[in-house]
Amino acid sequence: MKASDSARALGAIYTTFGLRGAWRRGLHEVKRKSNRYISAPPALDGAVGASGPPRDWIMSPDSAAVRRTTDTAEAMERAVRVLSGEHQAYRTSWLPLPRTASQWHTHPVTGHEYPRGALWHRIAHLQPETGDIKDVWEPARFGWAFDLIRGWMLTGDDRYAEAFWGGFESFSEGCPPFLGVQWSCGQEVAIRAGSWLWAESALSRAPSSSG
C-alpha cells in the first residue's frame, strides 16, 4: 500500500471512529484475531421464571390498547403473511422466513451458508461474494414476532403464538449461544432479546405458551 493510500485509510478511520473509537476497534480486532473471546456462555444457576427475578420490570403489552390503536385489517394481513412463512425485511420486501436450523445461516439472495459451528468472532463479514451480512441478520431480529403478537392479541387464535414459538425453537436449535453468524454482533443480539421479551410477555396466556 502506498503512503498516500495509508494516509487516506488512517484519515477515514479517524473520521469514522475518532481516537477512542479507533483504539477500541483495534483492541476488538486484536482479541478477535487471537481468539481471546470466551467460547461458551457461563453456566446459570437457574432460568428466569417463577423462582427468578421479579418480572414487573418488563412492560407488559396491553391487548386492549393494541385493539384500540391498531389498524386491524392491516395488522391481520401482516400476521397472516408471517403465519404463512414470510417476513417483511427492512419494512420493504417480503421474503421467506427461515424455518430450518440451516436457513438461519443462509444468505437469502446469494445462498451463501455461513459455518454453523464456528465461534461468532471467527466468522468473516466482508466478502462481497457472500452478500450483505445484514440480510442474514434481518429475520433473526425477530421483528416479525410483533406481527404475530398483534395477530394473537386481536383474535386470540393460538396459531399465531405457535408460529412464534416454532420460529424461536428453530432459531435456538440452529444457533446455539456464541456459535454462528447470528451471534457475531452485540447490537443484533440486543434487538433479538427485546423482541423475545415482548413476545414472552404478550403471549404468556396463549395455550401454546404453557407447553
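A residue counts as buried under 20% relative accessible area, as exposed over 50%, and as partly exposed in between (1.4 Å probe, protein chains only). The model is predicted, so local features need pLDDT of at least 70 and side-chain atom pairs count only at pLDDT 80 or more, while totals for chains, interfaces and linings use all residues. Residues are numbered from 1 along each chain as its sequence is written, and side-chain values use heavy atoms, with hydrogens and water left out.

**Exercise 1.** Decide whether Trp 104 is buried or exposed, and do likewise for Phe 171.

Solution. Trp 104 has 1% relative accessibility and therefore counts as buried. Phe 171, with a relative accessible area of 0%, is buried.

**Exercise 2.** Classify the ring pair of Phe 142 and Phe 171.

Solution. Rings of Phe, Tyr and Trp (its six-membered ring) pair if their centres lie within 6.5 Å, and planes under 30 degrees apart count as stacked, over 60 as edge-to-face and the rest as tilted. The ring centres of Phe 142 and Phe 171 are 5.8 Å apart and the planes stand at 85°, so this pair is edge-to-face. Because Phe 142 lies in the loop between α4 and α5 (145-155) whereas Phe 171 belongs to helix α6, the pair ties together parts 29 residues apart in sequence; helices here are DSSP runs (H or I, at least four residues), numbered from the N terminus.

**Exercise 3.** Name the aromatic cluster that includes Phe 142 and Phe 171.

Solution. One aromatic cluster is formed by Trp 104, Phe 142, Trp 144, Phe 164, Trp 165, Phe 168, Phe 171, Trp 183 and Trp 196.

Definitions and conventions. Helix = DSSP H or I, 4+ residues; strand = E, 2+ residues; numbered from the N terminus.
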